[in-house]
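Colleague: I am new to this one. Could you take me through it in short steps?

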Amino acid sequence: MKKIIILIIFTLALTANIYSQATTDSSKIPQDIKNKSTVFFEYLMADTVNFAFSKLLEGSPIAERSSQLDNLIEQTRKSFNVYGMIKGYEFVNAEIVGKSLIRTRYISLHKNYPLRWIFTFYKTPNSSWIIINVKFDDLTEYFFKDE
């Protein structure tokens, strides 16, 4: 039984590796995605949180869910109250799944503590990239592998 479980775990890990490619090379990220992310962080640094999210979420179903959008904006403002205004940002890495799904990770830089941002982009059948998930938190230790 133990051998079967190990074989299943190994097979799943191998299969996941086939469909997902992690990269720290931002040149593999489509320009549309890079532009949306850059504009988002630039507007956050200018303290225009609402406009930053409106630009990031153009065409996204998240923009149509007002309670979800309001929560993102409110939590972002609260994080600025706790950690200070955003002073800069850095691309960390991305995971590419096939040709239609990309997850990017960034760090936003604040006075005393960084924040982790995770964006999931989907390439729609009409060939435009939209964001389908936005997460941020202060759990930057998850960028590092366990020791």
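What follows is a set of questions and answers on this predicted model.

Colleague: In what order do the elements of the protein run from the N terminus on?

Modeller: This is a predicted model. Its secondary structure comes to 5 helices and 5 strands. From the N terminus on, the order is α-β-α-α-α-α-β-β-β-β.

Colleague: What share of the contacts between residues at least 6 apart in sequence joins residues at least 24 apart?

Modeller: Start with burial. Of the 147 residues in the protein, 33% are buried. Now take the contacts between residues at least 6 apart in sequence; the share that joins residues at least 24 apart is 51%.

Colleague: Is helix 2 roughly parallel or roughly antiparallel to helix 3?

Modeller: The axes of helix 2 and helix 3 come within 8 Å and cross at roughly 175°. An angle over 145 degrees counts as roughly antiparallel. Helix 2 and helix 3 are therefore roughly antiparallel.

Colleague: How are helix 3 and helix 5 set to each other, oblique or roughly perpendicular?

Modeller: Helix 3 covers residues 49-56 and helix 5 covers residues 66-83. Their axes are 10 Å apart, and they pack at an angle of about 135°. Roughly perpendicular covers 65 to 115 degrees, and roughly antiparallel needs over 145. Helix 3 and helix 5 are therefore oblique.

Colleague: Which residues of helix 5 make the contact with helix 3?

Modeller: Helix 3 passes helix 5 in a right-handed crossing. On the helix 3 side, the contact is made by Val-49, Asn-50 and Phe-53. By class, the whole contact has 6 nonpolar, 2 polar and 1 charged residues. The helix 5 side is Leu-69, Leu-72, Ile-73, Thr-76, Arg-77 and Phe-80.

Colleague: Which element gives the largest share of the largest nonpolar core?

Modeller: That core has 29 residues, and those touching the most other members are Phe-40, Leu-44, Phe-53, Leu-56, Trp-117, Phe-119 and Val-134. Elements giving two or more residues are helix 2 (31-45), helix 3, helix 5, strand 2 (88-97), strand 3 (101-109), strand 4 (115-123) and strand 5 (129-137). The largest share is 5 residues, and it comes from helix 5.

Colleague: Which residues does Leu-44 contact, leaving aside its neighbours within four places in sequence?

Modeller: Leu-44 is among the core residues that touch the most other members. Leu-44 also belongs to the contact of helix 2 with helix 3. Its contacts beyond four places in sequence are Val-49, Ala-52, Thr-76, Phe-80, Met-85, Ile-86 and Trp-117.

Colleague: What is phi of Asp-47 near?

Modeller: Asp-47 lies in the loop between helix 2 and helix 3. At 42% relative accessibility, Asp-47 is partly exposed. Its phi is positive, in a residue other than glycine, and is near 60°.

Colleague: Is Lys-111 buried or exposed?

Modeller: Lys-111 lies in the loop between strand 3 and strand 4. Beyond four places in sequence, Lys-111 touches Tyr-83 and Met-85. Its relative accessible area is 68%, and the cut-off for exposed is over 50%. Lys-111 is therefore exposed.

Colleague: How far apart in space are Lys-111 and Lys-87, C-alpha to C-alpha?

Modeller: Count along the chain first. Lys-111 and Lys-87 are 24 residues apart in sequence. In space, C-alpha to C-alpha, the distance is 7.4 Å.

Colleague: What separates the C-alpha atoms of Ser-127 and Ser-100?

Modeller: Ser-127 is in the loop between strand 4 and strand 5. At 48% relative accessibility, Ser-127 counts as partly exposed. Ser-127 and Ser-100 are 27 residues apart along the chain, and their C-alpha atoms are separated by 9.1 Å.

Colleague: Which residues is Asp-137 in contact with, leaving aside neighbours within four places in sequence?

Modeller: Asp-137 is found in strand 5. Asp-137 and Trp-117 are 20 residues apart in sequence and 6.8 Å apart in space, C-alpha to C-alpha. The contacts of Asp-137 are Leu-115 and Arg-116.

Terms used: Residues numbered from 1 in each chain as written. Predicted model: local features only at pLDDT ≥ 70, side-chain atom pairs only at ≥ 80, totals over all residues. Heavy atoms only, no water. Axes fitted to C-alpha atoms, helices over the stretch in contact; angles between N-to-C directions. Helix = DSSP H or I, 4+ residues; strand = E, 2+ residues; numbered from the N terminus. Parallel < 35°, antiparallel > 145°, perpendicular 65-115°, else oblique. Left-handed = near helix turned anticlockwise from the far one by under 90°. Contact = heavy atoms within 4.5 Å. Nonpolar A, V, L, I, M, F, W, Y, C, P; charged D, E, K, R; others polar. Core = buried A, V, L, I, M, F, W, Y, C linked by side-chain atoms within 4.5 Å. Buried < 20%, exposed > 50% of the residue type's maximum accessible area, 1.4 Å probe, protein only.
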